[in-house]
Amino acid sequence: STEQKNDSNEMEISTEQKNDSEIFGSASSALLENINQISSSTSLDDPTSPQSKARKWLLEQDPFRGSLSTSRSMNRYTIAVIYLSLRLPNIAAHLVGQEDECSWTGVTCDAAGDVIKIDLQNSRLTGEIPSEIQYFAPTLEHVDFSENNIVGLIPDGLYSLRKLINLYLHNTTLTGTLSPKVSNWAELNNLYLGNNELIGEVPKEITMLRKLRFLILHANKFNGNIPSSFNEMKSLFYLDLSYNDLTGGLPESLSGCTKLRHVYLDHNKLSGPIPSSYGRLGGDWIIDLTMDSNQLTGGLPSKWGDKKKLLTLKVQNNNLRWEIPKDICKQWVLDGNGELVELGADCNICRCDFCRGRCYS
């Protein structure tokens with residue numbers, strides 16, 4: 001029987017040995033076929049795997065086994081695999097005695113009983129994301145596993161979630177690369193992958209996400225060039241690529257993102273000039289622009305228009321030689337002409353009155 005333990009990360013499964021006919025005899029063939037379709041035979045044959053444990057629980061210990069539809073049973077199997085793979089603490093307490101899996105920890109369903117949201121933020125998770133999450137591809141819109149100690153790669157199954165609107169995997173310890181399969185997330189609005197250990201290039205396919213508003217990849221180990229075709233991302237509002245190992249030039253296509261308000265490109269290895277089109281970033285309405293601590297040359301564009309909403313501009317610790325344009329000096333909030341409250345610049349290029357005592361030497 002299932003036993004609840006306060007500090008257990010495992011679901012206690014009966015150790016009584018049974019042959020396959022005893023275990024599976026009462027289960028519908030449709031259910032077993034569905035399980036075999038989303039889980040590999042290797043994992044199911046390993047009695048220590050999350051998949052094998054979840055199947056065993058579903059077929060032997062679930063109090064409602066045999067009384068639910070195949071789709072309901074598959075929901076329960078998939079969620080149990082997710083709990084076990086991510087090592088949700090005290091897992092037995094989340095499964096025992098609850099008929100409706102839509103009331104399980106972190107699970108939200110729509111009126112039809114389909115799983116649309118899984119939120120396990122800050123739940124002391126220490127395992128890996130299982131590919132079985134792909135079972136919810138037709139309906140799942142929101143996934144939040146952030147603020148945990150999740151390890152391993154982003155599984156292929158996650159890229160199958162074509163209905164995703166929000167994906168929050170920030171502040172974990174994910175490794176590996178970000179796949180070109182991100183193009184599958186056509187409905188995505190928010191992608192938070194900051195503060196992980198992801199490597200490789202930022203896939204150019206990420207610019208195919210036309211509905212994306214927040215793209216946050218900071219504090220990883222991404223390298224290579226920034227993708228060049230941002231101009232198609234008409235919904236992009238917030239871009240954070242800071243604290244990586246990105247090289248090459250600044251993408252001029254960013255100027256085509258007319259809804260862009262917050263841009264953080266600092267602390268990389270970006271080089272070359274700042275495109276003149278950056279004076280029109282955000283359709284002449286940019287709030288935060290940080291490009292400091294790179295290897296940029298030249299200077300800021302001479303025309304910055306009437307950016308009344310420019311609050312933060314940081315370009316210090318580069319190789320800039322041109323003087324900060326007077327258009328920017330006029331934006332200082334205390335002069336009453338704009339809202340600029342923070343200008344980060346090296347002293348040798350800043351002649352604005354407010355640079356005195358505030359510049360970087």
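Trainee: What is the handedness of the crossing of helix 2 and helix 5?

Mentor: The crossing of helix 2 with helix 5 is right-handed. Please keep in mind that this is a predicted model.

Trainee: At what angle do the axes cross, and within what distance do they come?

Mentor: The axes of helix 2 (residues 29–38) and helix 5 cross at roughly 40 degrees and come within 10 Å. The two helices are therefore oblique to each other.

Trainee: Which residues meet there?

Mentor: From helix 2, Ala30, Leu31, Asn34, Ile35 and Ile38 take part, and they meet Thr70, Ser73, Met74, Tyr77 and Thr78 of helix 5. By class, this contact of helix 2 with helix 5 has six nonpolar, four polar and no charged residues.

Trainee: And helix 4 with helix 5: what are the angle and the axis separation?

Mentor: Helix 4 (residues 50–61) packs against helix 5 (residues 70–86) at an angle of about 140 degrees, and their axes are 9 Å apart. Angles over 145 degrees would count as roughly antiparallel, and helix 4 and helix 5 are therefore oblique to each other. Their crossing is right-handed.

Trainee: Which residues make that contact?

Mentor: Helix 4 contributes Pro50, Gln51, Lys53, Ala54, Arg55, Trp57 and Leu58, while helix 5 contributes Ser73, Arg76, Tyr77, Ala80, Val81, Leu84 and Ser85. The contact of helix 4 with helix 5 divides into eight nonpolar, three polar and three charged residues.

Trainee: How many of the twelve residues of helix 4 are buried?

Mentor: Eleven of the twelve are buried, and helix 4 is mostly covered. The buried residues include Lys53, Arg55, Lys56 and Glu60.

Trainee: Changing topic, how many aromatic pairs does the structure hold?

Mentor: The structure holds ten aromatic pairs. One of them is the stacked pair of Phe214 and Tyr238, with 5.3 Å centre to centre and 20 degrees between the planes. Phe214 belongs to strand 7 (residues 214–216) and Tyr238 to strand 9 (residues 238–240), so the pair ties together parts that are 24 residues apart in sequence.

Trainee: Is Phe214 buried or exposed?

Mentor: Phe214 is buried, at a relative accessible area of 17%. Ring pairs also link Phe214 and Tyr238 with Tyr168, Tyr192, Phe237 and Tyr264 into a cluster.

Trainee: Which residues does Arg261 touch, leaving aside those up to four places away in sequence?

Mentor: Arg261 touches Phe237, Gly282, Trp285, Ile286, Ile287 and Asp288. Phe237 is also one of the residues in the aromatic cluster. Arg261 lies in the loop between strand 10 (245–247) and strand 11 (262–264), and it is buried, with a relative accessible area of 12%.

Trainee: How far apart are the C-alpha atoms of Arg261 and Lys314?

Mentor: They are separated by 15 Å, and the two residues are 53 residues apart along the chain.

Trainee: One last topic, the backbone. What is phi of Asn122, and where is Asn122 found?

Mentor: Phi of Asn122 is near 50 degrees, a positive value in a residue other than glycine. Most residues other than glycine have a negative phi. Asn122 is found in the loop between strand 2 (115–119) and strand 3 (142–144), and it counts as exposed at 58% relative accessibility.

Trainee: What about phi of Asn317?

Mentor: Asn317 has a positive phi of about 60 degrees, although it is not a glycine. Asn317 is in the loop between strand 15 (312–314) and strand 16 (319–320), and at 42% relative accessibility it counts as partly exposed.

Notes: Residues numbered from 1 in each chain as written. Predicted model: local features only at pLDDT ≥ 70, side-chain atom pairs only at ≥ 80, totals over all residues. Heavy atoms only, no water. Axes fitted to C-alpha atoms, helices over the stretch in contact; angles between N-to-C directions. Helix = DSSP H or I, 4+ residues; strand = E, 2+ residues; numbered from the N terminus. Parallel < 35°, antiparallel > 145°, perpendicular 65-115°, else oblique. Left-handed = near helix turned anticlockwise from the far one by under 90°. Contact = heavy atoms within 4.5 Å. Nonpolar A, V, L, I, M, F, W, Y, C, P; charged D, E, K, R; others polar. Phe/Tyr/Trp six-rings, centres within 6.5 Å; stacked < 30°, edge-to-face > 60°. Buried < 20%, exposed > 50% of the residue type's maximum accessible area, 1.4 Å probe, protein only.
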